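Have a look at the chain below before reading on. We'll walk through it one piece at a time.

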Amino acid sequence: VQLQASGGGLVQAGGSLRLSCGVSGRIFSINAMGWYRQAPGKQRELVASISSGGSTNYADFVKGRFTISRDHGKNTVDLQMDSLKPEDTAAYYCYSRILAYGSIRYDDYWGQGTLVTVSS
């Protein structure tokens, strides 16, 4: 199972970026999907998550600015980031709770980080 994230880059404050993460491999079922971020010198923190049923959860610091969505058919999870602030600068990591073929339990899988830099 692999997760591949894309869409990071450099943007000015107030701008927008869209992150995308695709899941591939021998997947039987996907439960929750989401995004974390980690800024230099700080701990990794949850940004947003979405359940298999479509319920969403957002960190207070992104509510009203970021939108998470998923495509069950494509096994992807996206993060639309609007009204970006310099404090949103971080490496963003997608994750997915997956039941792989041959496994008896759901495990958390992570993508590589994609860097988002917001200039003031």
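What follows is a short tour of this predicted model, from its disulfide to a hairpin and on to the salt bridges.

Let's start with the cysteines. The count of disulfides comes to one, and the partners are cysteine 21 and cysteine 94, with their sulfur atoms 2.1 Å apart. The link is right-handed, with 50 degrees about the S-S bond. Cysteine 21 sits in strand S3 (residues 17-24) and cysteine 94 in strand S9, so the bond ties together parts that are 73 residues apart in sequence. And are these two cysteines buried or exposed? Cysteine 21 is buried at 0% relative accessibility, and cysteine 94 is buried too, with a relative accessible area of 0%.

While we're on S3, leucine 17 also belongs to that strand. At 16% relative accessibility it falls under the 20% cut-off, so leucine 17 counts as buried. Leaving aside neighbours within four places in sequence, leucine 17 is in contact with several residues, including Val11, Leu79, Met81, Leu84 and Val116. Glycine 41 is another matter: it is 24 residues from leucine 17 along the chain, and their C-alpha atoms are separated by 23 Å.

Back to S9, which spans residues 90-100 and pairs with strand S10 (residues 107-110) in the antiparallel sense, over four bridges. Isoleucine 98 stands opposite aspartate 107 in S10. The hairpin has six residues between the strands, and glycine 102 takes a positive phi there, near 90 degrees. Arginine 105 is exposed, with a relative accessible area of 57%, whereas aspartate 107 is partly exposed at 23%.

That brings us to the charged pairs. Side chains of opposite charge can pair when their charged atoms come close. The whole structure holds seven salt bridges. One of them joins aspartate 88 and arginine 65 at 2.7 Å, N to O. Aspartate 88 lies in the loop between strand S8 (76-81) and S9, and arginine 65 in the loop between strand S6 (56-58) and strand S7 (66-71), so this pair ties together parts that are 23 residues apart in sequence. Aspartate 88 is buried at 1% relative accessibility, and arginine 65 is buried at 10%. Both belong to a network of salt bridges that links Arg37, Glu45, Arg65 and Asp88.

Lysine 63 makes a salt bridge with aspartate 60, the closest N and O atoms being 3.2 Å apart. Here aspartate 60 is exposed, at 64% relative accessibility.

Methods:
Residues are numbered from 1 along each chain as its sequence is written. This is a predicted model: local features need pLDDT of at least 70, side-chain atom pairs count only at pLDDT 80 or more; totals for chains, interfaces and linings use all residues. Side-chain values use heavy atoms; hydrogens and water are left out. Two strands pair if DSSP finds at least two bridges between them. Helices (H or I, at least four residues) and strands (E, at least two) are DSSP runs, numbered from the N terminus. A disulfide is a pair of cysteine sulfur atoms within 2.5 Å. Buried means under 20% relative accessible area, exposed over 50%, partly exposed in between (1.4 Å probe, protein chains only). Contact means heavy atoms within 4.5 Å. A salt bridge is a side-chain nitrogen of Lys or Arg within 4 Å of a carboxyl oxygen of Asp or Glu.
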